[in-house]
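Hi everyone, thanks for coming. Let me put the sequence and the model up before I start talking.

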Amino acid sequence: MSVADDESEGGPVTVRVGLTGGIGAGKSTVSAMLAEKGAVVIDSDVLAREVVAPGSPGLAAVVDAFGTDVLTPDGELDRLALGRVVFADPDARRRLEAITHPLVRARARDIEAGTCAGTVVVHDIPLLVETGQQDKFDAVVVVEAAVEAQLQRLRQTRGMAAEDARARIAAQATSEQRRAAADYVIVNDGSLDDLRRRVDEVWSALTAAASAR
């Protein structure tokens with residue numbers, strides 16, 4: 001896949017990778033494994049929290065759009081409360097994305113600009129396919145799991161109610177849509193050792209591509 005000109009500014013990067021997957025599929029685990037191998041991981045979820053931190057222009061814009069009900073008593077963003085609003089209403093979700101996505105992308109460009117030549121930079125982006133960014137990377141890696149596995153993980157790790165979890169999954173791209181954008185698919189339905197072996201395979205392919213450039 002080609003790298004879009006407006007996303008390639010700011011530093012000599014050998015391979016830019018878009019990493020995505022449905023909520024609860026295990027993308028964060030894969031991201032951590034790639035970081036262990038030497039990738040520079042830019043986590044859009046982490047950046048999304050940074051750009052709506054208390055006192056930030058991003059949080060002020062979110063409150064303007066959705067009201068103070070999306071704030072905790074301490075004045076921080078209540079992500080679960082906001083999630084219940086935006087994942088039940090496509091128009092609300094688009095309003096939120098219009099606020100946060102440009103801020104996140106700008107911050108990601110700043111981080112990438114500080115990397116060295118030859119680096120494999122992994123952009124961990126949950127909504128990569130939904131936001132049409134797949135053509136902006138040299139490779140797209142998709143992590144997927146069976147829906148029931150996703151639901152179980154969301155209940156266990158996030159304490160999410162089944163109804164909320166299903167709404168989150170339904171609001172995202174389908175497995176078929178992600179696979180259509182993927183250069184590499186990592187299926188996370190087996191053991192942790194199985195996952196690590198598949199990540200090793202993908203990492204070998206990415207570093208081979210880096211060496212060839």
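This is a predicted model: local features need pLDDT of at least 70, side-chain atom pairs count only at pLDDT 80 or more; totals for chains, interfaces and linings use all residues.

Residues are numbered from 1 along each chain as its sequence is written, and side-chain values use heavy atoms, with hydrogens and water left out.

Searching the whole structure gives 12 salt bridges, meaning a side-chain nitrogen of Lys or Arg within 4 Å of a carboxyl oxygen of Asp or Glu. One of them pairs Glu112 with Arg16, with closest N and O atoms 2.9 Å apart. That pair links distant parts of the chain, helix α5 (residues 90–113) and strand β1 (residues 15–21), 96 residues apart. Helices (H or I, at least four residues) and strands (E, at least two) are DSSP runs, numbered from the N terminus.

Are Glu112 and Arg16 buried or exposed? Both are buried, that is, under 20% relative accessible area; exposed is over 50%, and partly exposed lies in between (1.4 Å probe, protein chains only).

Glu50 and Arg107 also form a salt bridge, at 3.4 Å. Here Glu50 is partly exposed at 41%, and Arg107 is partly exposed at 34%.

Now, helix α6. Its buried residues are Ala149, Gln150, Leu151 and Leu154, and they pack against α7 (162–171), contact being heavy atoms within 4.5 Å. Just after α6, Gly159 has a positive phi of about 65°.
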